[in-house]
Amino acid sequence: MIIVLRPDATEEQINHIVSKVQKLGLTPHLSRGTQRTIIGVIGPEDVLRVTPLEVFPGVENVIPVLAPFKLVSREFHKEDSVIELGKGIKIGGNKIVVMAGPCTIENIDLLYEIAKEVKAAGATVLRGGAFKPRTSPYSFQGLGEKGLQYLREVGNELGLVTVTEVMDARDVGLVSGYADVLQIGCRNMQNFNLLKEVGQIQKPVLLKRGMSSTVKEMLMSAEYILAGGNFNVILCERGIRTFEDSTRNTLDISAVAVAKQLSHLPIIIDPSHAAGRWSYVPALSKAAIACGADGLIVEVHSHPEEAVSDGVQSLIPSNFMKMMQELKILAKVSGREI
Ligand code: PEP
Ligand code: MN
């Protein structure tokens with residue numbers, strides 16, 4: 001449930017309510033908006049039948065949350081959440097954040113070469129996988145910690161924020177020691193132990209939608225992370241499985257509209273894994289911006305024909321640059337900025 005406080009509620013009254021909620025064995029989450037302060041209450045709410053919180057000084061209203069996701073819901077936090085990614089880059093506000101880089105980190109020189117290009121085009125976040133979720137166990141599985149080292153080195157050298165996937169709950173400490181943003185891949189969207197683990201850290205988490213999951217299921221997964229205490233979650237639509245086989249997946253652009261209405265969390269689009277072909281990526285990226293997405297994560301490779309993974313869907317730097325120029329115009333028309 002959500003406790004809406006009166007605009008004139010004092011700190012003393014707020015603290016009193018928070019400690020009462022805790023004494024009842026529930027977890028309070030305080031959210032201070034520009035207009036209102038509200039307290040989200042998580043836990044078995046039955047106890048509140050005998051202790052109605054409406055009567056406490058400073059309380060204006062107590063609203064039950066009907067949606068199964070509470071902390072991620074718009075009801076809990078009316079304004080869009082703006083999340084700090086590091087190096088002064090924020091997502092969820094007026095500025096659209098573009099993350100770009102290779103699917104897999106292959107070696108440091110190649111990573112540096114690609115990173116320089118994506119930075120020159122206007123990307124502020126460098127992507128690259130060190131732990132790769134491959135369909136076949138015989139495919140290249142990633143460089144592991146060595147890859148994380150390369151990512152950090154290149155990110156620091158060029159002043160780029162870094163994002164990389166963590167596949168295993170046991171690696172959360174390791175990956176968060178190197179990367180600015182931790183990605184949960186689509187195949188792990190419902191790996192609840194992994195979600196709980198990233199809920200315990202404060203680094204931003206990029207949560208990708210499962211290829212066969214609904215938007216609401218994605219929001220439930222995000223709820224796991226917020227419930228653990230980490231409110232820095234960015235949602236990502238990356239295409240879902242449908243009967244359509246012209247593209248690798250079907251980009252569900254409506255996920256942006258739905259998630260924006262149901263949740264305060266930022267949402268980005270991954271046009272590369274949705275399309276599966278580089279030539280579709282600019283059109284899908286434009287659709288994402290027009291629809292109100294807060295960012296993009298795009299695969300870029302300087303030699304896609306030699307890439308160890310996802311070369312077919314990777315833009316070459318010159319095409320990425322061209323796309324970015326077009327996106328900048330579109331962002332401006334939409335009242336935003338890249
Ligand atoms: C990726 O970003 O490299 C990736 C594997 O994405 P997804 O989990 O969406 O397939
Ligand atoms: Mn990939």
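How many aromatic pairs does the structure hold? In this predicted model, the structure holds 2 aromatic pairs. One of them is formed by F76 and F231, whose rings lie 6.4 Å apart from centre to centre, with 50 degrees between the planes, and this pair is classed as tilted. The pair links distant parts of the chain, given that F76 belongs to the loop between β4 (59–63) and β5 (83–86), whereas F231 belongs to the loop between α6 (215–227) and β12 (233–237), 155 residues apart.

The report now turns to the ligand. Ligand 1 takes up the space of the largest pocket, and 13 residues surround ligand 1, the closest being R127, K132, C186, K208 and R238. When the shell around ligand 1 is sorted by class, it has 7 charged residues, together with 3 polar and 3 nonpolar ones.

| Residue | Distance from a side-chain N or O atom to an oxygen atom of ligand 1 |
|---|---|
| R127 | 2.8 Å |
| R187 | 2.9 Å |
| R238 | 2.6 Å |

How much of the accessible area that ligand 1 has on its own does the protein cover? Of the 300 Å² of accessible area that ligand 1 has on its own, the protein covers 97%.

Technical notes
Residues numbered from 1 in each chain as written. Chains lettered and ligands numbered in written order. Predicted model: local features only at pLDDT ≥ 70, side-chain atom pairs only at ≥ 80, totals over all residues. Heavy atoms only, no water. Near = heavy atom within 4 Å. Polar contact = N/O pair within 3.5 Å; in protein donor to acceptor, adjacent residues only side chain to side chain. Areas by Shrake-Rupley, 256 points an atom, 1.4 Å probe, with all protein chains shown as cover. 1 Å grid on protein atoms, 1.4 Å probe; cavity = no way out; pocket = protein on both sides within 12 Å on 5 of 7 lines; lining within 4 Å. Sits in = over half its atoms within 2 Å of the grid points. Nonpolar A, V, L, I, M, F, W, Y, C, P; charged D, E, K, R; others polar. Phe/Tyr/Trp six-rings, centres within 6.5 Å; stacked < 30°, edge-to-face > 60°. Helix = DSSP H or I, 4+ residues; strand = E, 2+ residues; numbered from the N terminus.
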